[in-house]
Amino acid sequence: MSSSPQRLTAREADIGGGLKVHRLIPSRQRRLIGAWCFLDHAGPAVFETGGGMRVGPHPHIGLQTFTWMLEGEVLHRDSLGNEQVIRPGQVNLMTAGHGISHTEESLPDQERLHAAQLWIALPYDDRNVAPAFDHYPDLPQWADQGATFTLLAGEMNGERAPARIYSDLLGVDVACTERVTVTLPLRPDWEYGFLPLQGGVEIDADTFGPNELAFLAPGADRITVTLAPGSRILLVGGAPFGQEIVMWWNFVGHSKQEVADAQREWEAASPRFGTVNGFDGPRLVAPPLAWR
């Protein structure tokens, strides 16, 4: 059996327009859960008048961005020429690979936003794959033990999510209207994280609320959890990544040199990251490298 869950608490940031972001990983306590290397819980937020999410052109390498939308609508644009609105119950997956840039902004009539934004570190052998973008409006969903399950990534209950992922991992949304206790299968060689997006969850007599993540080390083949009425829980998991990565700003590399090269090319407006058309604001400026 695995040990009791470790409690990870979020750091809060305001990225403008009244949108609060709570960052669970990376943190001093834990940098990855499987290949999941970044987890932001955005909202739930009600925007100020004239506000909203608006993130200008910025680059990525060595990762996949994974957005699970719960409330509101956001327009994605990228340097491959994709324009896609993501709506509640849908997933956007952008593979940065060798390099891509993109923007994200709320639609003008949107007053609310609630989403989970995650990154998946690409394995060393796949770190330079060609950039790509995929939109998934239809995801496997089923009811069991009084809860509704939506499979975001990986496999569960004989279902497989359509997302094209380069590592063995899992992403599941578990929601309920009334208090329920559910038993979930686990892989003993995987690590897992439970994040309440609303409501709360009880695990081994410990209660976790919104923006508190329960981390489970490898060891158990199943777990029983109790969800409070009206809860929505994000479960992520995967095989321990087993590779050292360097995360800086919007880059994930397998060495400091990879990150430094990418930052230099972004600052020089290199063709590596292309151009995002249709956004009328400035490109984001990278902060100075921490190791210079």
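**Reading a predicted model**

Trainee: In which strand is Ala45 placed?

Mentor: Ala45 belongs to strand E4, which covers residues 36–46. Helices (H or I, at least four residues) and strands (E, at least two) are DSSP runs, numbered from the N terminus. Note that this is a predicted model, in which local features need pLDDT of at least 70, side-chain atom pairs count only at pLDDT 80 or more, and totals for chains, interfaces and linings use all residues. Residues are numbered from 1 along each chain as its sequence is written, and side-chain values use heavy atoms, with hydrogens and water left out.

Trainee: Is Ala45 buried or exposed?

Mentor: Buried means under 20% relative accessible area, exposed over 50%, and partly exposed in between (1.4 Å probe, protein chains only). Ala45 has a relative accessible area of 6%, so it is buried. In the protein chain as a whole, buried residues make up 55% of the 292 residues.

Trainee: What share of the contacts joins residues 24 or more positions apart?

Mentor: A contact means heavy atoms within 4.5 Å. Of the contacts with a separation of 6 or more, 72% are between residues 24 or more positions apart. Sequence and space can also be compared for one pair: Ala45 and Glu191 are 146 residues apart in sequence and 30 Å apart in space, C-alpha to C-alpha.

Trainee: With which strands does E19 pair?

Mentor: Two strands pair if DSSP finds at least two bridges between them. E19 (residues 191–198) pairs with E24 (residues 232–238) in the antiparallel sense, over seven bridges. Within that pairing, Glu191 has Gly238 as its bridge partner. E19 also pairs with E22 (residues 212–216), again antiparallel, over three bridges. There Tyr192 has Leu216 as its partner.

Trainee: How many residues of E19 are buried?

Mentor: Seven of the eight, so strand E19 is largely enclosed by the rest of the structure.

Trainee: Which peptide bonds are cis?

Mentor: Most residues other than glycine have a negative phi, and most peptide bonds are trans. Here a cis bond joins Ile25 and Pro26, with omega about 5 degrees. Pro26 lies in the loop between strand E3 (20–25) and E4. The bond from Gly43 to Pro44 is also cis, with omega near 0 degrees, and Pro44 is found in strand E4.

Trainee: Where are Asp204 and Trp249, and what is phi in each?

Mentor: Asp204 is not a glycine, yet its phi is positive, about 50 degrees. Asp204 sits in the loop between strands E20 (201–203) and E21 (206–208), and at 47% relative accessibility it counts as partly exposed. Trp249 has a positive phi near 55 degrees. Its place is the loop between strands E25 (246–248) and E26 (251–253). Trp249 is partly exposed, with a relative accessible area of 25%.
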